[in-house]
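Trainee: I have a new model to read. Can you take me through the main features, one at a time?

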Amino acid sequence: MRASPMSRFAAVLFDLDGTLLDTAPDLGAAVNHVLQAQGQAPLAEAHIRRIASDGALGLLKAGFGEEQLAQLDTPALRQALLDHYAAHLYEGTRPYPGMAEFIAWLNRHAIPWGIVTNKPAFLTEPLMAQVAELPGCGVIVSADTLPVRKPHPDPLLYACHQLAVAPEKCLYVGDHVRDIEAGRAAGMQTAIAGWGYLDPDESLSDWQADHCFADVPSLHHWLCQPC
């Protein structure tokens, strides 16, 4: 009898923004709130989705331009963005289509899952506390959980330790090259979340991920199939 792919993984770890959750609506609302308060034009949704993984500073650079932003009080603008975002974490944000079903499948099969993100804990933890559709998260490693963050492998290795699984038995799913770099450095199998915040100009083959999936159901289907 052939083993099913699910038996190859003792756990599945996810990046958060652009992988587990579509957070672009609320991140975009936060940066546009700051831009409009400064008399600037808002960013278009499509632009926000391309840069949503770049964090608050990346969003501000896109909105103001690096040269103009350098002449402003960047820390104050960043704090204003974060304050607005923290107050509206789960308004437009939702799990990606198929993610609730996939997480339910992992839970049914007693395959632990967790999150390794470069989002700070003061945003990650209250956000996930509101996501009732995705119960059973076994570990959350945020940007400030450890002294280092992705692409360093330590956050992923820490998550495996917390879940009591070997890194080589873990799949890490993310939508940024740093996710794949971190996963590979940790000795995990890696998968590109093709549904996430990908720059259309990037060559995904250069990331050297083990797998790439167009949407969550494709990932779910692959894990359900015999190898």
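Mentor: Start with surface charge. Asp54, Asp199, Asp201, Glu202 and Asp206 gather in a patch of negative charge on the surface. Before going on, note that the model is predicted, so local features need pLDDT of at least 70 and side-chain atom pairs count only at pLDDT 80 or more, while totals for chains, interfaces and linings use all residues. Residues are numbered from 1 along each chain as its sequence is written, and side-chain values use heavy atoms, with hydrogens and water left out.

Trainee: What makes a group of residues a patch?

Mentor: Patch residues have over 30% relative accessible area and no salt bridge; like charges are joined within 9 Å, and nonpolar side chains (Val, Leu, Ile, Met, Phe, Trp, Tyr) within 5 Å. Lys and Arg count as positive, Asp and Glu as negative; His and the chain ends are not counted. A charge is placed at NZ of Lys, CZ of Arg, CG of Asp or CD of Glu. Accessible areas come from the Shrake-Rupley method with a 1.4 Å probe; for residues, only the protein chains shown count as cover.

Trainee: Is Asp206 buried or exposed?

Mentor: Learn the classes: buried means under 20% relative accessible area, exposed over 50%, partly exposed in between (1.4 Å probe, protein chains only). Asp206 is exposed, because its relative accessible area is 56%. Asp206 sits in the loop between strand S7 (189-193) and strand S8 (211-213). Helices (H or I, at least four residues) and strands (E, at least two) are DSSP runs, numbered from the N terminus.

Trainee: Which class does Thr19 fall into?

Mentor: Thr19 is buried, because its relative accessible area is 0%. Its place is the loop between strand S1 (11-14) and strand S2 (21-22). The side chain of Thr19 makes a polar contact of 3.3 Å with the side chain of Asp15. A polar contact is a pair of N or O atoms within 3.5 Å; within protein, one must be able to donate a hydrogen and the other to accept it, and residues adjacent in sequence count only if both atoms are side-chain atoms.

Trainee: How many salt bridges are there?

Mentor: The test is a side-chain nitrogen of Lys or Arg within 4 Å of a carboxyl oxygen of Asp or Glu. The count comes to five. One of them joins the side chains of Asp17 and Lys119, at 2.7 Å from N to O. This pair links distant parts of the chain, 102 residues apart: Asp17 is in the loop between S1 and S2, and Lys119 in the loop between strand S4 (113-116) and helix H7 (121-129). Both Asp17 and Lys119 are buried.

Trainee: Which residue forms a salt bridge with Arg49?

Mentor: Asp22 does, with the closest N and O atoms 2.8 Å apart. Again distant parts are linked: Arg49 in helix H2 (residues 45-51) and Asp22 in strand S2, 27 residues apart. Arg49 is partly exposed, because its relative accessible area is 25%. Asp22 is buried, at 15%.

Trainee: What about Asp179 and Lys150?

Mentor: Their side chains meet in a salt bridge of 2.7 Å, N to O. Asp179 is in helix H9 (residues 177-185), and Lys150 is in the loop between strand S5 (139-141) and helix H8 (154-163). Salt bridges that share partners join Asp15, Lys150 and Asp179 into one network. Both Asp179 and Lys150 are buried.

Trainee: How should I read backbone angles?

Mentor: Most residues other than glycine have a negative phi, and most peptide bonds are trans. Now the cases here. A cis peptide bond joins Lys150 and Pro151, with omega about 20 degrees. Pro151 is in the loop between S5 and H8. Ala110 has a positive phi, near 55 degrees. Ala110 belongs to the loop between H6 and S4. Ala110 is exposed, with a relative accessible area of 65%. Gln208 has a positive phi too, near 60 degrees. Gln208 is in the loop between S7 and S8.
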